[in-house]
Amino acid sequence: MATTLAGTNLNERVYDELRTRLLTRRHAPESKLSLHTLADELGVSRSPVHHALTRLVSEGLLTVRPRRGYYVSPVTGQAVAEGYDVRLALELLAAQRTVGHLGEEELRRFDELLDATAEAISHEQWDAANAAFHEHQVGLARNALLSGVYRGLSVNLMMQVIRGGRVEGHADLVTEHRRIVEAFRAGDPTAAEGAIRAHVETGRRIALEAIDRAGGIL
């Protein structure tokens, strides 16, 4: 059934629709997406669809094959492992520039974001709260390029694909968030590094186990 999208910001609406489809795996890994077919399904011109597909390529959810078109990027163990390596490096770099140099307002905001992850009751709420928590964690370094690279990490979107609407080990993840905040509040760089490493490794383990259960690809 065709979906008709309307509104003042059509580019964003088309992007949101296609992004949701990819994150919920309505399109199978390695399947080809046709710009023309999508435009017909959504009841829009090809321009907003092309705009959305280009953004989704930059986020790692789609791959462009020369003269062949757009394909759904598979989530593999190697891609996840490499993505988590980069995420860890960025978070540790931000912590090195930050821990021991924060004001009370910045720490209070950290506490608020921690509470939001603890109170999340749906996967949508979790995704939003978790992203805000870690973007604040990295953003404390006040390096716009670092924050931009971190927000654009495809591994963060891969986790949404892998979870498929589920949040595994919510209580444990919140406990790990709390340890990160406590280390930042104490101004303890060693504790902060340990808490960050432990948390990133938990995410990596959850992802790799899910991929393994799926036969090596999602």
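Let me start with a word I will need: a residue is buried when its relative accessible area is under 20%, exposed when over 50%, and partly exposed in between, using a 1.4 Å probe and protein chains only. Hello everyone, and thanks for coming.

What you see above is a predicted model, where local features need pLDDT of at least 70, side-chain atom pairs count only at pLDDT 80 or more, and totals for chains, interfaces and linings use all residues. Residues are numbered from 1 along each chain as its sequence is written, and side-chain values use heavy atoms, with hydrogens and water left out.

Let's begin with the aromatic rings. How many aromatic pairs does the structure hold? There are two, where a pair means rings of Phe, Tyr or Trp (its six-membered ring) with centres within 6.5 Å; planes under 30 degrees apart are stacked, over 60 edge-to-face, and the rest tilted.

Helices here are DSSP runs (H or I, at least four residues), numbered from the N terminus. F110 counts as buried because its relative accessibility is 0%, and F133 is buried with 0% as well.

F110 also pairs with F184: the centres are 5.3 Å apart and the planes at 85 degrees, so this pair is edge-to-face. F184 lies in helix α9 (residues 170-186), so the pair ties together parts 74 residues apart in sequence. F184 is buried too, at 2% relative accessibility. Put together, F110, F133 and F184 form one aromatic cluster.

Now to the helices α5 and α6. Their axes are 8 Å apart, at an angle of about 160 degrees; axes are lines fitted to C-alpha atoms over the stretch in contact, and angles run from 0 to 180 degrees between N-to-C directions. That makes the two helices roughly antiparallel, a label for angles over 145 degrees. Which residues meet there? Among them are F110, L113 and L114 in α5, and W126, A129 and F133 in α6, with contact meaning heavy atoms within 4.5 Å.

Last, two arginines. The charged end of R55 sits over the ring of Y15, 3.6 Å from its centre, and that of R65 over the ring of Y71, at 4.0 Å.

How values were computed: A charge sits over a ring if NZ of Lys or CZ of Arg is within 6 Å of the ring centre and within 35 degrees of the ring normal. Angles under 35 degrees count as roughly parallel, over 145 as roughly antiparallel, 65 to 115 as roughly perpendicular and the rest as oblique.
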